[in-house]
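Biologist: Could you take me through this model, beginning with the overall fold and then going on to local details?

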Amino acid sequence: MKRYAIEKLREWKRGSRRKPLLVQGARQVGKTWLLKEFGRQEYANTAYINLAENEDAVAAFCGTLQVESLVRKLSAAAGEPVRAGETLLVLDEIQVSERALNALKFFRENAPQYHVAAAGSLLGVALNHNRMSFPVGQVDFLDLHPLGFCEFLEATGSGTLCRYLQEGDWESVEAVSARYIDQLRLYFCTGGMPEAVAAYAETGDFNQVRAIHRGILQSYENDFGKYITRKDFSNIRAVWNAVPGMLAHERKFSYGKVKPGGRGRDFEGSIQWLCRSGLLHRISRVTKPSLPLAGYEDSGAFKLYMLDCGLLCTMSGLEPDTILKGNTLFTEFKGVLTEQYVLQTLKLHGDLPVAYWSTENNSAEVDFIYSRKGAVIPLEVKAAANLRAKSLQSYRARYEPPYAVRASLAGVGNHDGLYSVPLYAMEQLFSLVP
């Protein structure tokens with residue numbers, strides 16, 4: 001399986017000011033596999049240590065953090081020699097040990113010749129709950145997300161379709177647009193969790209894909225009990241289970257829909273837990289589309305999206321054969337799966353500030369707005385090829401953005417500053433717009 005993030009790892013390795021690397025992301029998005037594969041491709045050997053399973057390694061950090069002494073202990077714990085410039089030292093589940101986390105500072109300051117990469121699934125949760133110190137400014141970061149649509153195409157044997165998109169061969173793309181729509185339909189159901197994609201690529205059996213999804217979802221629920229009280233566990237699970245239904249109806253998150261009479265003070269901590277763990281994305285409403293977007297957020301109005309469209313399909317109870325029913329999948333739940341897909345694709349573009357806009361009386365709403373190159377850009381998501389967008393027209397008339405984007409099943413185009421981007425080309429958004 002090919003992950004595009006491996007090229008970012010190569011850039012990190014070549015960097016003249018390289019720091020220890022911290023790979024972040026939700027559990028089971030492929031952090032461990034990515035680091036091991038990177039080590040296999042780029043280094044003489046990889047010294048892999050899972051701190052949740054290797055007590056000797058955890059104990060090594062309890063003593064001196066003098067680097068050469070620590071390297072000897074870690075070599076023994078990993079069963080692999082750690083050699084400067086030749087070995088990739090991988091410290092997995094680093095949130096288990098605060099000492100290990102802060103040892104990254106010593107590698108940075110005293111021994112930059114060692115190539116050290118760490119990963120943590122619940123790092124944000126652990127830092128907040130345990131008040132753990134963090135080596136600020138001493139590490140590089142890489143956020144890993146589920147596979148994007150192009151990675152899915154490559155993994156499932158449609159690399160040529162991926163290449164047309166990446167090369168900007170829009171004539172060829174348009175000629176086989178029906179194939180892209182078919183593949184996008186499959187991606188909506190399969191999602192981008194690596195194990196689910198691998199199962200579909202090998203078997204084409206959606207029953208296996210759904211079984212993997214259910215296993216992943218159960219593992220997430222098992223994590224809910226970490227670092228929290230029993231009451232917190234109940235609230236986190238209630239929020240988590242409420243998200244698919246809320247997205248399917250009014251989109252905007254409502255505490256009262258989680259529990260009758262529920263208020264922010266009851267569930268805000270639970271929402272933060274789920275967002276810190278990478279399982280949910282919080283998209284806030286802005287009262288005015290100006291920079292910085294965070295400065296105009298309405299703290300009482302927001303939407304919660306999941307990390308993966310395939311997991312959302314499974315949690316929502318969509319039957320796999322839905323993919324055979326024309327464009328039903330794109331419009332199911334009033335297009336929520338399409339919005340979910342667009343949002344998680346925007347997340348692949350790095351630290352891109354994203355919000356949504358609506359009028360005070362909710363008479364008009366734009367699905368997403370994002371800031372880039374000093375401008376705030378509206379992005380309307382349209383299921384299928386339905387191109388009516390009255391809210392977007394209202395937004396443009398009121399705020400006069402430099403241009404606007406419409407994502408739909410229509411082809412590539414630009415009419416009077418309204419850029420049409422096919423849903424299957426969302427990863428190429430910034431090569432299609434200014």
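Biologist: What percentage of the 434 residues of the protein count as buried?

Modeller: This is a predicted model, in which local features need pLDDT of at least 70 and side-chain atom pairs count only at pLDDT 80 or more, while totals for chains, interfaces and linings use all residues. Residues are numbered from 1 along each chain as its sequence is written, and side-chain values use heavy atoms, with hydrogens and water left out. Taking buried as under 20% relative accessible area, exposed as over 50% and partly exposed as in between (1.4 Å probe, protein chains only), the share of the 434 residues that count as buried is 54%.

Biologist: At what angle do the axes of helix H12 and helix H13 cross?

Modeller: Helices are DSSP runs of H or I with at least four residues, numbered from the N terminus, and their axes are lines fitted to C-alpha atoms over the stretch in contact, with angles from 0 to 180 degrees between N-to-C directions. The axes of H12 (residues 206-223) and H13 (residues 230-248) come within 10 Å and cross at roughly 150°. Since angles over 145 degrees count as roughly antiparallel, H12 is roughly antiparallel to H13, the crossing angle being roughly 150°.

Biologist: Which residues of H13 make the contact with H12?

Modeller: Contact means heavy atoms within 4.5 Å. On the H12 side the contact is made by Leu217, Tyr220 and Glu221, and on the H13 side by Phe233, Arg237, Trp240 and Asn241.

Biologist: Which residue is joined to Leu291 by a cis peptide bond?

Modeller: The omega of this bond is about -5°.

Biologist: Is Lys373 buried or exposed?

Modeller: Lys373 sits in the loop between strand E9 (365-372) and strand E10 (375-381), and its phi is near 55°, a positive value in a residue other than glycine. With a relative accessibility of 68%, Lys373 counts as exposed.

Notes:
Helix = DSSP H or I, 4+ residues; strand = E, 2+ residues; numbered from the N terminus. Parallel < 35°, antiparallel > 145°, perpendicular 65-115°, else oblique.
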